[in-house]
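Reader: I'd like to go through the charged side-chain pairs in this one. Could you take me through them pair by pair?

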Amino acid sequence: MPGADRIVTIVGPTASGKSSLAVALARLLDGAEIVNADSMQLYRGMDIGTAKPSAAERAGIPHHLFDVLDVTEPAAVAEFQAWARDAIRACQARGVTPIVVGGSALYVRAVLDRLDFPGTDPAVRERWAAELASRGSAALHAELASRDPAAAAQILPSNDRRIVRALEVIEVTGRPFAATMPAHDSVFDNLTMLGLDVPRDVLDVRLAERVDQMWAAGFVDEVRALRDLGLDDAPTASRALGYQQILSFLRGETTEDEARESTVAGTRKFARRQDRLFRKDPRIHWLPYDAEDLVERALARLTPQI
């Protein structure tokens, strides 16, 4: 079947329109299915704050790796890698096109590329976790910067788990954490990567508007309900952008306005960092997010493979 082994990937910053383009393409590619590559959309109940597409927005197109974890469960990229690759291969076995959609360069590359995750050493990790508790994330991020500047540049100072993991890997392997990232070389053949290009000033406005829409849709109530399910102590889900800020508000540590402003600022910083990482991938065909013929342009990139 022509294109039966094809894989399409759609990447780009938050609020660039990836989900809408994926659904539009899936309608035109007979039998295409969508594979989620957003770590937080794995969680049940985390809908508004992750901009998870609703049942109506999915338009009857099969979607994989949504709502597979409770908020109290940890999410590990190595485990996600196996799930996503299984979903892709299942699509291929049925002769349909998987469309991988995500805004995290790490998760997208974990799915597509020859990325092997170093083993863990619980004792080393526990020691660095203790250092985090005593010294704080800023000091530990500075420690990482002194040992592996390239890794520190890719990890937000607020991302405690990744800082600890990077320091653990450096100690266990004796190599820089950044050295674990492979060349842009996919484990899959017949891969087409599409990126949505949004000018920074436009993206800043879109991100602020999206946060406003989330608040209006009941984001605070969503987080309040998830607290009853254990979100406060969740190792991964509690650190998601927006959720972390609203939890701080609900604990009385900040005001609601401060939580909203912090969510906007954090989302902008995240989007810019992810866009920079995607720009390093020479395989990505960048398309203007607001092109009137966006779907046609995207489809044209696939035409030789159809």
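Reader: What do the side chains of R127 and E171 meet in?

Author: In this model, which is predicted, the side chains of R127 and E171 come together in a salt bridge, with an N to O distance of 2.5 Å. R127 belongs to helix α5 (residues 122–135) and E171 to helix α8 (residues 160–173), so that the pair links distant parts of the chain, 44 residues apart.

Reader: And how accessible is R127?

Author: R127 counts as partly exposed, at 41% relative accessibility, and E171 is also partly exposed, with a relative accessible area of 34%.

Reader: Switching over, which residue forms a salt bridge with K52?

Author: That is D67, and the closest N and O atoms of the two are 2.4 Å apart. Because K52 sits in the loop between β2 (33–36) and α2 (55–58), while D67 sits in the loop between β3 (63–64) and α3 (77–93), the pair ties together parts that are 15 residues apart in sequence.

Reader: Is K52 buried or exposed?

Author: K52 is buried, its relative accessible area being 9%, whereas D67 is partly exposed at 29%.

Reader: What about D197, which residue does it form a salt bridge with?

Author: D197 pairs with R279, their closest N and O atoms lying 2.6 Å apart. This pair also links distant parts of the chain, with D197 in strand β5 (residues 191–197) and R279 in helix α12 (residues 256–279), 82 residues apart.

Reader: Which residues do salt bridges that share partners join into one network?

Author: R109, D113, D281 and R283 are joined in that way.

Reader: Last one, how many salt bridges does the structure hold?

Author: The structure holds 25 salt bridges.

How values were computed
Residues are numbered from 1 along each chain as its sequence is written. This is a predicted model: local features need pLDDT of at least 70, side-chain atom pairs count only at pLDDT 80 or more; totals for chains, interfaces and linings use all residues. Side-chain values use heavy atoms; hydrogens and water are left out. A salt bridge is a side-chain nitrogen of Lys or Arg within 4 Å of a carboxyl oxygen of Asp or Glu. Helices (H or I, at least four residues) and strands (E, at least two) are DSSP runs, numbered from the N terminus. Buried means under 20% relative accessible area, exposed over 50%, partly exposed in between (1.4 Å probe, protein chains only).
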